[in-house]
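Student: Please take one part of this model and look at it closely. Begin with strand pairing, then move on to the rings and a pocket.

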Amino acid sequence: MEPTWWNLIPTYFDGIAFTIPLLNFQVHWYGVMYIFAFFTAYLTMWKINSKENLGYTKEQFDNLFMWAIAGILIGARLGYVFFYKPGYYLANPTEILIPMTHDALGWHFTGIAGMSYHGGLIVGLIFVVIGMKRNKMDVWKTLNLCFLAAPLAYTWGRYGNFINGELFGEVTTSGIGMYFPLAHDSPVTNPILHHPSQLYEMLFEGVILFAVLYNLRRIPLLKDKMPCLYLMGYGLFRFFIEFFRRPDAHLGRVDLFGMSRGQTLCSLMIITGFVWLIVLIYRQKKLTQKAN
């Protein structure tokens, strides 16, 4: 099959945004996307804060985001270590935070490879709650704001994965497939196509999930349930997209019921979000009954 321009889009990128000449240090687009993500989340939350007169100041937002950035970055790294490669990092603990590896030829710069969304979510949430309390922000009201903005910020991360040509999907014969050089399974002249699962996630777990949550806020019963709805929505979207995404080579689909590690973690998200939602609704109804 003669590849089309669409099939070859990943070949137009090399993942490097720019190089710092004096240091000969390459800055990758994926790292730049983190800046775009945090800026998008900040802007979205600030706009809603202003529109709905939530009463937060810029200083409170600035301080809160310092906590959020630290928590997400630390959690994303530790999540990858413990969820995906605990054995390797137990044997090579220095590589958890030091971007160097050592062999018979000496030390080599490798960069910090491997970030986990779920780890970033867990530790980031802890740090954000600490930041809210230190800045005298209403925890539940602010959490609703954070989880509403999260999908739009997330789109940048998956776009960064796409530009890097990583985390691509399973092989497909569909015209929607793309040739990813990092797959190393075919030449560009006779490409084997893979699902651009990064774009699927960017669309469904990002843009569409934001639209769904934003509209669900119009329902009085669900307006203050964004954390629960986000966990369920993200978990459901990613669980099904994982069928198209190629799992980590060293893990495969060996979890319970033949699930990938991502599906296992998303299953826990869905269950947590659902139980949390039911508990909140039950408590809300009990309070309403007492008031009446």
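Tutor: Start at Thr-19, whose bridge partner in E2 is Gln-26. This is a predicted model, where local features need pLDDT of at least 70, side-chain atom pairs count only at pLDDT 80 or more, and totals for chains, interfaces and linings use all residues. Numbering runs from 1 along each chain as its sequence is written, and side-chain values use heavy atoms, leaving out hydrogens and water.

Strands E1 (residues 16-20) and E2 (residues 25-28) run antiparallel, joined by four bridges. Strands pair if DSSP finds at least two bridges between them. Helices (H or I, at least four residues) and strands (E, at least two) are DSSP runs, numbered from the N terminus. E1 and E2 make a hairpin with four residues between them. In the turn, Asn-24 has a positive phi of about 50 degrees.

Now the rings. Rings of Phe, Tyr and Trp (its six-membered ring) pair if their centres lie within 6.5 Å; planes under 30 degrees apart are stacked, over 60 edge-to-face, the rest tilted. That rule gives 28 aromatic pairs. One of them, Tyr-42 with Phe-61, is edge-to-face, at 5.8 Å centre to centre and 70 degrees between the planes. This pair links distant parts of the chain: Tyr-42 sits in helix H1 (residues 29-51) and Phe-61 in helix H2 (residues 58-83), 19 residues apart. Tyr-42 is buried, at 19% relative accessible area. Phe-61 is buried too, at 0%. Buried means under 20% relative accessible area, exposed over 50%, partly exposed in between (1.4 Å probe, protein chains only).

Phe-13, Tyr-159, Phe-162, Phe-168 and Phe-180 form one aromatic cluster. Lys-85 lies over the face of Tyr-88, 5.5 Å from the ring centre. The test: NZ of Lys or CZ of Arg within 6 Å of the ring centre and within 35 degrees of the ring normal.

Last, the lining of the second largest pocket. A pocket is an open set of points on a 1 Å grid over the protein atoms alone, where a 1.4 Å probe fits, with protein on both sides within 12 Å along at least five of seven lines; lining residues have an atom within 4 Å of a point. Its lining includes Phe-83, His-118, Phe-147 and Trp-276. Helix H4 (117-134) and helix H8 (261-291) are the elements that give two or more residues. H8 gives the most, with five residues.
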